[in-house]
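User: Hi! I'm new to reading protein models. Could you walk me through a few features?

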Amino acid sequence: MRQYRDYLSRTAQMKQRQSDVLLPEGNEGGTMKAMVLDKVSPVEEKPLRLAELPRPVPGSGQIRVRVSACGICHTELDEIEGRVAPSRFPMILGHEVVGMVEELGPGARKFKKGDRAGIAWINWACGKCAFCLKGEENLCDSAKWTGKDADGGYAQYTVVSEDFAYPIPEGFTDVEAAPLLCAGVIGYRALRLSGMEDGKALGLYGFGASAHIVIQVAKYKYPNGRVFVFTRSGQKEHHDLARKLGADWIGATGDTPPQKLNCAIDFTPVGEPVREALRNLEKGGRLVINAIRKATRVPELDYTEHLWHEKEVKSVANVTRRDAREFLPLAAQIPIVPETREFKLEEANEALILLKEGMIRGAGVLTIAE
Ligand SMILES: [Zn+2]
Ligand SMILES: [Zn+2]
């Protein structure tokens, strides 16, 4: 009987922790501005709508963060256009969230009011499934993702379990810290999975928010390694940034680099670079694909040219809390200098259209006024 009561109380706690946003009765908690997505639409139709909503109230074990900056990520395009549709509507997107803890829910004790906190893509994991037990909570069967299953940071306030928020190292402004939380963390995971070692050749396909951070990590960790950057042709801004950050060679997707690549990371949202990167891999090399969805198909592969000689392909799916906890202090130690372009919260639609067109140098970040 006692066991059953314990079970019921645990289940109730878990339900509360899983709830996305507890809306207050009436408006006594105040309101907030947010850019909300009501339905799947082409991003060119500017589907995010500025709304006035009740401020979320932190549930048990949760914190409320007053958001000051939220990075924009390609995944938002996948959500808006339905390749990774949110699990409900309306939804507040955004999973590179930086702000100040300004309210603690019952039992929350890891942060103090006034602390700076960051929130990333992983919003909740069960802790019990076979993946979670192996430390692979990024593959959790019932995980929830910020801005997809729980309201995210395109808003003045958001709530999250204190277990899924991170202290932000000093030395970064809120705007600089925002892209570290997805572009940085997932790039770090991709670099680790690539098997890169000092002295080896690394290829980066696509040079946006994530790759421009990865090159800085790679140059720091592998000072004798060489980094080869491939962009869409004609992206001069991206070329300039890659050169500034120490790329050893810069070309367009489709070009053949001066040497074979021991490892490569594909950051692009399209299929063609997968085949291109495999073609340029050295024997025994590995390609890591850092994309949640591809907007176009991966073209047909030729076994001899693209896969034989023990070439490997691995995708990156999501992130774990360990990735964030390892990467953020490393980013401060290097120190990573994120290249950012700021937009106001109300300009989220326009910023996402520019992102889709490959027109943002570095990382786009929404700044959110009080
Ligand atoms: Zn992201
Ligand atoms: Zn799990």
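Analyst: Let's begin with polar contacts: a polar contact is a pair of N or O atoms within 3.5 Å; within protein, one must be able to donate a hydrogen and the other to accept it, and residues adjacent in sequence count only if both atoms are side-chain atoms. Here, a polar atom of the His306 side chain lies 2.8 Å from the backbone nitrogen of Asp302. By the way, this is a predicted model, where local features need pLDDT of at least 70, side-chain atom pairs count only at pLDDT 80 or more, and totals for chains, interfaces and linings use all residues. Residues are numbered from 1 along each chain as its sequence is written, chains are lettered from A and ligands numbered from 1 in the order in which they are written, and side-chain values use heavy atoms, leaving out hydrogens and water.

User: Is His306 buried or exposed?

Analyst: Buried means under 20% relative accessible area, exposed over 50%, partly exposed in between (1.4 Å probe, protein chains only). His306 has 4% relative accessibility, so it counts as buried. Cys129 is buried too, because its relative accessibility is 11%.

User: Which residues are the protein donors of the zinc ion (ligand 2)?

Analyst: Donors are N, O and S atoms within 2.8 Å of the metal (3.2 Å for Na, K and Ca); water is not among the atoms, so sites may look incomplete. For this zinc ion (ligand 2), they're the SG atoms of Cys126, Cys129, Cys132 and Cys140, 2.3 to 2.4 Å away. Along the sequence, the donor residues follow the spacing C-x2-C-x2-C-x7-C.

User: What shape is the site of the zinc ion (ligand 2)?

Analyst: Four donors count as tetrahedral if all angles lie between 85 and 135 degrees. The angles among the 4 donor atoms here are 104 to 115°, and the site is tetrahedral.

Methods
Tetrahedral: all angles 85-135°; square planar, octahedral: opposite > 155°, others 65-115°.
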